[in-house]
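This report describes one protein model for a reader who works with computed structures.

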Amino acid sequence: MSRTLQRIIEFFSGCGRCNKRNRNERQVSFEFSDILIMNQDIACAPMPPQGVRLHIQDRYVVMDNGICQVTLSKPGGIVTGIRYNGIDNLLEVRNKETNRGYWDLHWNEIGGKGIFDVIQGTSFRVIMENEEQVELSFTRTWDPSLEGKYIPLNIDKRFIMLRGSSGFYSYAIYEHFKEWPGFELGETRITFKLRKEKFQYMAIADNRQRYMPFPDDRSTGRCQPLAYPEAVLFVNPMDQRLTGEVDDKYQYSCENKDLRVHGWICFDPPVGFWQITPSDEFRSGGPLKQNLTSHVGPTTLAMFLSAHYAGKYMVPRFEAGEPWKKVFGPVFIYLNSATPGYDPLWLWEDAKIKMMVEVQSWPYSFPASEDFPKSEQRGNVNGRLLVQDRYISNDYLIASGAYVGLAPLGNAGSWQMESKNYQFWTKADQNGLFSIRNIRPGDYNLYAWVPGFIGDYRNEVVITISSGCNIEMGDIIYEPPRDGPTLWEIGIPDRSAAEFHVPDPDPKYINRLFVNHPDRFRQYGLWERYAELYPDGDLVYTIGASDYRKDWFFAQVVRKTSDNSYQGTTWQINFKLDNVDRSGTYKLRVALASATLAELQVRVNDPNTNRPLFTTGLIGRDNAIARHGIHGIYMLYNVDIPGTRLVEGDNTIFLKQPRCNGPFQGFMYDYIRLEGPPTSC
């Protein structure tokens, strides 16, 4: 037996409660028993755990499987209590019952003001009740008398508890009938607020976990407000070691593709509370969309739809006459524990193991709703993606590591803003082979993007998924934008600005978690460092001499002046051309990783021309500069430069961002390339 496996078995054998019944339940609650039984050193199988029991009271309903007990309001469907491992309630008992564990949304009538709504059911029913499973429904039904008060949706919140499972599941079905008025849905999620005196250690990733401030530390007198409400500087925190640190929930955001498990650890007794999302199919915006996770509260979120790092373009608008139905979830709330004396941080390691079990179990077989198709009701798509770029190779290139997905019908790249329906993504292997599995029935386009190449791929064929289908696409070819040979390039085409120079933060605004961290861009206030690094003029980059890793600031931001106003900025790219084809057309490719209320103007060799050679106009609302993202929404611009604009010898391209009404306007560049006129090759 390996030392690692032995340590894991020792840990799990010490977890949970101490009596014989709970030892048996414990082994199943971690669902590690399959691995243990397969090992020849284990001689006996666990005994069956207690069946699931349901207790229905006047105002509450309780699900109990002997491992955990979950109390919900009736008929509201608010999680008011979670009993586990001797703790009577993991949720914050100081909060009102409606402010502990709940589904919520933010919506508005078309043209109206935003409304925040904690979703309270108005009717309750038992969907399934036996010793193996309990599934409950809390429904709120809309009718015209509620217009303007509640979002015009029927909402059915479901909660599931299984025998032997250390936790519970939740999902919801949202439905809009065509006869109902239109609306916009800005956000929907599940929120859990835990007991602040117990849960003080947060974990999002192996390298993103720490002791967190108390919520009281964000109150007047203990903190100083910063540039926006979410960010504060601690001046008198309850734990004085946090003095001088910044707290901002956006520092803990995560891309959908990596957002599988996060949560909190209590050290006395050692207990973990984890939110596990086994699939991205119901999330908006595809694999690179960034979402909130856990933050000071202690709060844990399961985000399904939001405009964060995308802006209002991500907000779905439903018109009158437009029917719609979508299932969000299920997600899993996982609880684990360890015997005192064992390192409680192993609870994070176990949560990752449990997450992998849940991912492998998707789509779940147990949800009772017919709106959630099981594995045999779904389809699969397989193929191989190749890249054709004749200026790199005459042969096809293997699209190793490409992101390949099925999303609703649209244009190339439209999946970034898609928020009404479902998406299914995978990564191609080292041979460019991909397999997208367990796709819901419906019509889709196949989309892709390939790290190392610019642009978006879209297959024009409408792919119709039916129950049980297995579609073989064969070889599909992506031809990325290319007119001529590369004369020079800046950056790496990967939809991120992470390769560029991210400065050290101002020492006054530190989050110690991100000191000497790969995600150094998550520090607060980096936009203000630009003027400090370039006090006398804007950035000048010289091809062949400058290094984008050191000399290209990660964001083209505005410059703050002495009177606290802002100025736009103009960056210069200097380069030499030995020969110029004055009859030809050169191509400037500008890939943006982010834009916020900004405008890109391109001029060549004359910064003072009244009309730029090219302008994007006002673009972008992803706000990634303020929210510590290293990217937002990807955009590619292709600029024709007539050969008559260039000269033999020294040339300069001027990139001007003139919009300057606030500190967060600007761009992040992904990649810039200048191509010569087409040649035969």
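Where is the place of Pro 75? Pro 75 sits in the loop between strand S3 (68-73) and strand S4 (79-84); strands (E, at least two residues) and helices (H or I, at least four residues) are DSSP runs, numbered from the N terminus. The model is a predicted one, in which local features need pLDDT of at least 70 and side-chain atom pairs count only at pLDDT 80 or more, whereas totals for chains, interfaces and linings use all residues. Residues are numbered from 1 along each chain as its sequence is written, and side-chain values use heavy atoms, with hydrogens and water left out.

**Backbone geometry**

| Peptide bond | Omega | Loop holding the proline |
|---|---|---|
| Lys 74 to Pro 75, cis | near 15° | between S3 (68-73) and S4 (79-84) |
| Trp 362 to Pro 363, cis | near 0° | between helix H4 (346-360) and strand S25 (379-387) |

Asn 85 is not a glycine, yet has a positive phi of about 55°. This residue belongs to the loop between S4 and strand S5 (101-108).

**Domains and their interface**

The domain assignment, which is automatic or taken from a database, gives domain 1 (53-205 + 251-361), domain 2 (375-478) and domain 3 (486-675). Between the C-alpha centres of domain 1 and domain 2 the distance is 30 Å. Their contact (heavy atoms within 4.5 Å) involves 22 residues from domain 1 and 16 residues from domain 2.

Together, domain 1 and domain 2 bury about 1,500 Å², with 54% of this on carbon and sulfur atoms; buried area is the accessible area (1.4 Å probe) that two parts lose on being put together, summed over both. On the side of domain 1, the residues that lose the most area to domain 2 are Glu 281, Pro 287 and Lys 326, which together account for 36% of what that side buries.

Three salt bridges are found across this interface, a salt bridge being a side-chain nitrogen of Lys or Arg within 4 Å of a carboxyl oxygen of Asp or Glu. Glu 281 also forms a salt bridge with Arg 440, in which the closest N and O atoms are 3.2 Å apart.

Which elements give two or more residues to the side of domain 1 that touches domain 2? They are strand S23 (317-318) and strand S24 (324-337). S24 provides the largest share of that side, four residues.

**Salt bridges in the model**

By the rule above, the count comes to 46 salt bridges. Arg 158 lies in strand S9 (residues 154-162) and Glu 135 in strand S8 (residues 133-140), so that the pair links parts of the chain 23 residues apart.

**An open sheet**

Five strands form an open sheet of mixed pairing, in the order S34-S38-S44-S40-S41; two strands pair if DSSP finds at least two bridges between them. Strand S34 (540-542) and strand S41 (614-615) are the edge strands, each pairing on one side only. Within the sheet order, strand S40 (residues 601-604) and strand S44 (residues 649-657) run antiparallel and are joined by four bridges. Arg 603 stands opposite Phe 654 in S44.
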